[in-house]
Amino acid sequence: MTVQEVFGSAPAVAGAALALIGIWALWWLVRYVRADKMTRASMRQAIGVRRRWRRLAPMVGLSVTDKTPPAVIVAPDGKVPKPRVLIPKIRVAADRYGVLVHAVCLPKVGLAEFQRAAPYLADAWRCTRVSVLPDQPGTLVIRGVRVDPLIVPTEHTPSGAVPEDLAVWDLGLDEYAQPVSVSLANVPGVTVAGLPGFGKTSLVNRFICDTAPSDAVQYAVADGKVTSSHEGDYADLTDRIFAFVGDDLEEANALFTRLVKLRRDRSASIRALLGVKNMWHLGPSAAWPLTVLIVDEAHTYFRDYKGSDTRTKKLAALAAENARLVEDLVKKGRNVGILVIIATQKATGDAIPTFIRDVCPVGLSFAQKTAEAAVVALGEDIRNWPDASPTALQDPAYVGVAAMAHQGRPGFARIRTPYVADADAARIATDTAHLTRDPAELLEELAVSAMRVDDPFTKREAA
């Protein structure tokens, strides 16, 4: 191409570039107009982050000097080029809570340097807090939140769709507005503690509403706050619960005994019926569903009764037997697909016996009044993370906020769990009521079906 041709095509190239810029500007403007007030503020914040980055990065120690001369050692004018200052490249995205920045690492400007600079970035970007975590090799993800997600109440509307993975429990958003989930695969038990009215039951309700559309999960509930199923927090969900008991210790004992029998029957037949020793190798199914026992206000069933009269002795014996039965489910039910979720206000040994509590690998705690209550709920390590302690969640603004240990990395996360409206819970229960089955009946049907398949006469008939 000649020089004249190059200059002749310049207007067309410039016009195409302007057209692309115009399309991008129109697309951004449409997004801005359609966004809510919080997202608009974040979009303006993202523009400031991009525009000021090249000046800000060296000021906070996020640059490196390249002293190696380029291929041309001497410039045409005889001067040696000055060393270059390299600055990490970034990509910035905005959401309701702030900005998400992806940065490319440089030699001597990596994870440690960005984490050291995080407080300065928070000040410069006008963020409540900034976190820095590894992303892909050679890149980092920097999360800056302008609005604290922990104090912004959220609501969750169950879709009614079958979840893609029953083993994943979506909990909510962490303090950086990032989704938090916990894996329930091969988990025998979960403990949930916290002061009354701070969100324990709402957390469990969301779990039921999200998983209820699947016929591969069944629920049993023991609610120590009420006497019958039409009372309390689970009243709207009773159509989707195959067994429910209130605060009567004898009824609870009968339910726990029934589930222990299910555990034993499953243990005895799992290899013959499923061909594996661990149900999680195949995953839950309609014939062998994940059976979830929810024990709310657990201290009702496990407390140590003191007294010498006949009634107190009977209650003490029932409480001890209840603890033994639930211990059996927690310690032996994992591989056959039984999960126990235990909720109480204060997870001390009198509310949840330590031989049960200490073998539950997943623990969450909403607000607590004392450091000792936080320790028994989350473990001794919470003392090393005072900023994440549930004792700092007693303000009414933190209703629905829980603390839990990070899965996969050190430390603890604070999570804003969403509220599920009673009408939505009732809708899900009504729509999925036809899926409610007793797992013991399903096991019997599966065994009968397997016997028919193995029967020589049946095989001849089929042939």
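How many bridges join strand 4 to strand 6? There are 7 of them, linking residues 98-104 with residues 139-145 in antiparallel fashion.

A word on the model before we go further. This is a predicted model in which local features need pLDDT of at least 70 and side-chain atom pairs count only at pLDDT 80 or more, while totals for chains, interfaces and linings use all residues. Residues are numbered from 1 along each chain as its sequence is written, and side-chain values use heavy atoms, with hydrogens and water left out.

Now let us look at the sheet. Its 4 strands follow the order 3-4-6-5, form an open sheet and pair antiparallel. Here strands are DSSP runs of E with at least two residues, helices are runs of H or I with at least four, both numbered from the N terminus, and two strands pair if DSSP finds at least two bridges between them. Strand 3 (90-94) and strand 5 (129-134) each have a single partner strand, so one side of each lacks a neighbour in the sheet. Within strand 4, Val99 stands opposite Gly144 of strand 6.

Helix 2 (residues 37-59) packs on this sheet, touching strand 3 and strand 4; contact means heavy atoms within 4.5 Å. Helix 3 (residues 111-125) lies across strand 4, strand 5 and strand 6.

Finally, turn to the nonpolar cores, sets of buried Ala, Val, Leu, Ile, Met, Phe, Trp, Tyr and Cys residues joined through side-chain atoms within 4.5 Å, where buried means under 20% relative accessible area with a 1.4 Å probe, protein chains only. The largest has 92 residues, and Val190, Phe256 and Ile341 have the most contacts inside it. Helix 5 (residues 249-274) gives the most to this core, 7 residues. Apart from it lies another core of 25 residues, including Val49 and Phe114.

Notes
Axes fitted to C-alpha atoms, helices over the stretch in contact; angles between N-to-C directions. Buried < 20%, exposed > 50% of the residue type's maximum accessible area, 1.4 Å probe, protein only.
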